[in-house]
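Open the model in a viewer and keep the selection tool at hand.

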Amino acid sequence: MKYSEITIRFCGIAGDGIVASGKILAGACAKIGLHVMVNNIYSAEIRGLGKSSATIRFSTSKLYSMGDGLDLLVGMVSKESIIDLRDVKERGNVIYDTSTIGDVVEEDSLVSHITPEIQGHGLPITKLANEASGTNQGKNLVAIGAICYFYSLPPEMFVDQIKGLFTRKGERVVEINIKAFRLGYEYFKENYPLNNQFEIDKRSKPRKLTSGNDAIAKGAIDCGLKFFAGYPITPATKIMEIAAKELPKLGGWTLQMEDEIAAIGAVLGAWFAGKRAMTATSGPGLSLMSEMINLSVMAEIPTVIVNVQRGGPSTGLPTKVEQGDLNIALYGGAGDSPRVVMAPTDTEECYSGIQLAFDIAEKYQTPVIFLSDLFLGQRTETVTIKENIDRDRCTRKKPTSEQLKNFLRYQITDDGVSPLIVPGEPGAVYSTTGLEHSAKGNPNYESDVHSMMTAKRFRKFDSMVADLPTADILGDETAEIGIAGWGSTIGSILEGMEIAKKQGVKTKLIKSIMIHPQHEDSFRKFFDSCKKIIIPEMNYQGQYAALLKSRYGIKPIEIHIPAVNPVSPLKIAQKIMETNSELSQ
Amino acid sequence: MKHVIIGAGVAGITAAKTIKELDRNAEVVVIGDELFLPYKRYLLSEFLCNSIRRKELFFFPMSMLKELGIRLRNGTWVKAIDPSKKEIKLFHNEVVHYDKLLIATGGSPGLGLVLQPYKKYIHFYYSLYDTLVLKEKLPEIRKCVVFGDGVSCLDLICMLRNLGKQVTYITKGERATFALDEYNFEGELHEFLEEKGIEIITADQIVSIEESDHGYKVESIQQTMLTADIVFAWDYYKPNISCIEGSAIEKKLGILVNVKLETSQKDIYAAGDCVEIYHPGIKDYWINFGLPNALEQGKIAGKNMLGQHEEYKIQEAIVFNLMGQSLKARWWK
Ligand SMILES: Cc1cc2nc3c(=O)[nH]c(=O)nc-3n(C[C@H](O)[C@H](O)[C@H](O)COP(=O)(O)OP(=O)(O)OC[C@H]3O[C@@H](n4cnc5c(N)ncnc54)[C@H](O)[C@@H]3O)c2cc1C
């Protein structure tokens, strides 16, 4: 068979080297110049023999999602991999270990669940790993060797990857892993000589792999992040890890706090002192931060909060994806508490979007909640990020010397934005409070003052629209079916639209990193041009649909997927096809 | 009642179908090591020559298996049988229980001591997998050396020649006969093949194969040196019975069965090319080789597994299909 796109999943338990498998395979494919996307799924338990999996999709053309179905499942463990069989495509393949020790009962055997539509390929994974290393070490490399032969990928790229990944562990580890790789390769060559051809364009240049979390951390640092405070939480911890490593090199700080409330408090403090600061968390952490976010609104202290969404509510599904935090991001504050909500749709936007978040937060003295999600945050993919490095960037509205003389921290202005100083600026008194206040910043509970100040805080949101990117409209402008989406679901929507296009159905999509506020005109115009509107998202309630319905008065077809896995493009395509047949009736 | 059948060839799948047709409620699991649906080996050469399409090779489509309720587990090798526990053990250590077991593992070509070291240079022509590999290689193949015997060997050399390849056939015998009893060719088979342009080397055999820059160098006992792009060779064709090793199931060359196709162990039956049946004429066990026989045995084994008492009648010869020609052969005689 000839392939130009393949999806492979490794399934195993702790110690099987599942994440490393994904890294090696993805690294080698990226080096060949292929487009790659990797999604790791692991159990929420930190220790123990929980199941984990790494899914790697690689292609000769750009990827937007993890797609649908697997071409190959590598079951490093038997019982735990059975459930993944349902994801294997018809005529897909399974590689299983034929050398496990001890009897396996029929019900628990991966092989016994393989149907004739799928081809099972036995590989003595444990045995060959033992031949290479004397232990079980290298099992993953045995499987990767077999895959390399099975899809005729260039072995030298894999050897390079192995060297790159294991050199710091010593020469012997490198040798063992290369040997394991070769044994797997040779076993398949001898036993399954009929391999597949993956069409590689020899002129392709190597590509770089990045994750959404990496891109957020890098984007923030490149636009002047000086202080990070946080409390570890899956799936956001990686951002703190990067900040902890990189910020000190640039004279910055990372502080691990005792909880999320303290973390956002510290971040507000840093902004108050004039430094660009950020925290990163997930649903439970965002809930804890809500009162501090209100303080940011009321005291007009900028702040940037990254929320890498996971399944909720409560501790919920720590290692699964969901887009369930839109409501709390938009409305989760007591009082009239406006905040900017942004949601990047891909890894490139994680980088450029977080920089915009900082600029807006600082300029408009507002909290910005940056809603990424587990899938976008943790997946690694080949992307070309346009670097924008300016670590002294400052978008603060500074007072004129005149304004400084009688400094009004909350001066009423047309755009709602008052000049901002750093406390301690000579000649000015910076008075602030979480209580309602006068223009000077002194507590004041008069009703007209409260109305005026509330209006001022909301006015900023009208003025900022001019600084925001307009929505992107993709697909066929003449289409009658329009789709609106947000966050990482956009990738699946784009691929779903492509599937529908191949069936002759035209669609168009409106997407924006800005959830609130938005360029409302472009949305209105778009919705006016559609006969049917579809809004797919990964939550039960249809939180984005609810926002758009109340804002634009539309009556969309909603797809609510309380997700544990990224949305299937096929599911979206099916809805498009259904909608199309309704339209043509 | 769980009926487990080892081998998804003609005997195995016929037995499965027979059981399900007679008893819809019977659980039938067919375990075969090949990656495909059961197929007709005699059509492989026609498939290779593109005279038929791949789906025409199969006995029946997947939908029919589903309809019949037969569970096919392909790509799965059975490594042992434990009649005392009524269990079989698969390659990957999975243990499967059975109430009634049928062994229908067929036969396959093998190499003797001389050729064994050169196994990796030798191409077999036995399965669909071999055929698919061969199909991939064909465009680059010009010269072929074939060493072996039997009707499938004749099938192979004729097919290669028909495809315009240069074929050298090496046989241990004085003439190329392929153990055929009767055939419809005009004149003698040996001369017929030579006229077709096949080079025949008699009273000789391959003793070494070496990889060279452009294929292989083949040396024979008579010190004939040949070059080839591909080498096909086998010394014998024998029943696949490694899975009964240590099981107390009686065997000679194949698994010994009575006319009801019962083995020496209770509730275990065997059918097809892997069995030897007592032939009253020759007063010894023999392998009643060939597709029609395997088919008939599969049917009878299926019925008997359901408690019937049908007997198999020995056939003297097999009808062999050679590129549309009908030949009669008698293997292992
Ligand atoms: C190229 C070729 C052409 C032929 N042409 C003709 C012809 O024209 N006419 C004719 O009558 N005969 C012909 N034959 C012979 C005929 O195909 C066989 O006699 C017939 O297939 C035997 O059927 P069977 O079910 O016993 O075995 P098979 O069809 O060989 O099936 C047995 C199956 O069991 C599998 N198996 C073996 N061991 C195990 C194990 N331990 N675990 C799991 N699976 C196992 C094998 O891989 C195989 O798939 C031909 C054979 C070949 C190779």
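Which residue with a positive phi follows α15(A)? Select A:G504: this residue comes after the helix, and its phi is near 85°. Keep in mind throughout that the model is predicted; its scores are ipTM 0.86 and pTM 0.90.

**Stop 1: the helix α15(A)**

Now select residues 489-502 of chain A, which make up helix α15. The helix has 14 residues, and from first C-alpha to last it reaches 20 Å, close to the 20 Å expected at 1.5 Å a residue. Is α15(A) mostly covered or mostly uncovered? It is mostly covered, with 10 of the 14 residues buried.

**Stop 2: chain A as a whole**

The chain holds 18 helices and 23 strands. Its radius of gyration is 26 Å, close to the 25 Å that the globule rule gives for 585 residues, so chain A is as compact as a globular protein of that length. Along the principal axes, the C-alpha trace of chain A spans about 85 × 65 × 45 Å. Of the 585 residues, 57% count as buried. For contacts in chain A between residues at least 6 apart in sequence, 75% join residues at least 24 apart.

Next, colour chain A by domain. The assignment gives domain 1 (2-198), domain 2 (210-382), domain 3 (401-466) and domain 4 (472-584).

**Stop 3: chain B**

Move to chain B. Its mean pLDDT is 92, and 93% of its residues reach 70 or more. Where pLDDT is low, the predicted coordinates should not be read in detail.

Chain B contains seven helices and 24 strands. Its radius of gyration, 21 Å, is close to the 20 Å from the globule rule for 333 residues, so chain B too is as compact as a globular protein of that length. The C-alpha atoms of chain B fill a box of roughly 60 × 40 × 35 Å along the principal axes, and 55% of the residues count as buried. Among contacts in chain B between residues at least 6 apart in sequence, 63% join residues at least 24 apart.

How is chain B divided in the domain assignment? Domain 1 is 2-106 + 240-317, and domain 2 is 109-237. The centres of these two domains of chain B, over C-alpha atoms, lie 29 Å apart. Their contact takes 17 residues from domain 1 and 14 residues from domain 2 of chain B.

**Stop 4: the nonpolar cores**

Select A:F58, B:I81, B:I88 and B:I103. Within the largest nonpolar core, which has 144 residues, these four touch the most other members. Centre on B:I103 and leave aside its neighbours within four places in sequence: its contacts include B:I6, B:I81, B:C243, B:I244, B:I249 and B:I255. B:I103 is also in contact with B:I268, B:Y269, B:A270, B:A271 and B:C274.

Last, select A:V308, A:A357, A:F527 and A:L548. These residues are among the members of a second, separate core of 86 residues.

Definitions and conventions: Residues numbered from 1 in each chain as written. Chains lettered and ligands numbered in written order. Predicted model: local features only at pLDDT ≥ 70, side-chain atom pairs only at ≥ 80, totals over all residues. Heavy atoms only, no water. Core = buried A, V, L, I, M, F, W, Y, C linked by side-chain atoms within 4.5 Å. Buried < 20%, exposed > 50% of the residue type's maximum accessible area, 1.4 Å probe, protein only. Contact = heavy atoms within 4.5 Å. pLDDT = per-residue confidence, 0-100. Helix = DSSP H or I, 4+ residues; strand = E, 2+ residues; numbered from the N terminus. Expected span 1.5 Å × (residues − 1). Domains from an automatic or database assignment. Rg over C-alpha atoms; globule rule 2.2 N^0.38 Å.
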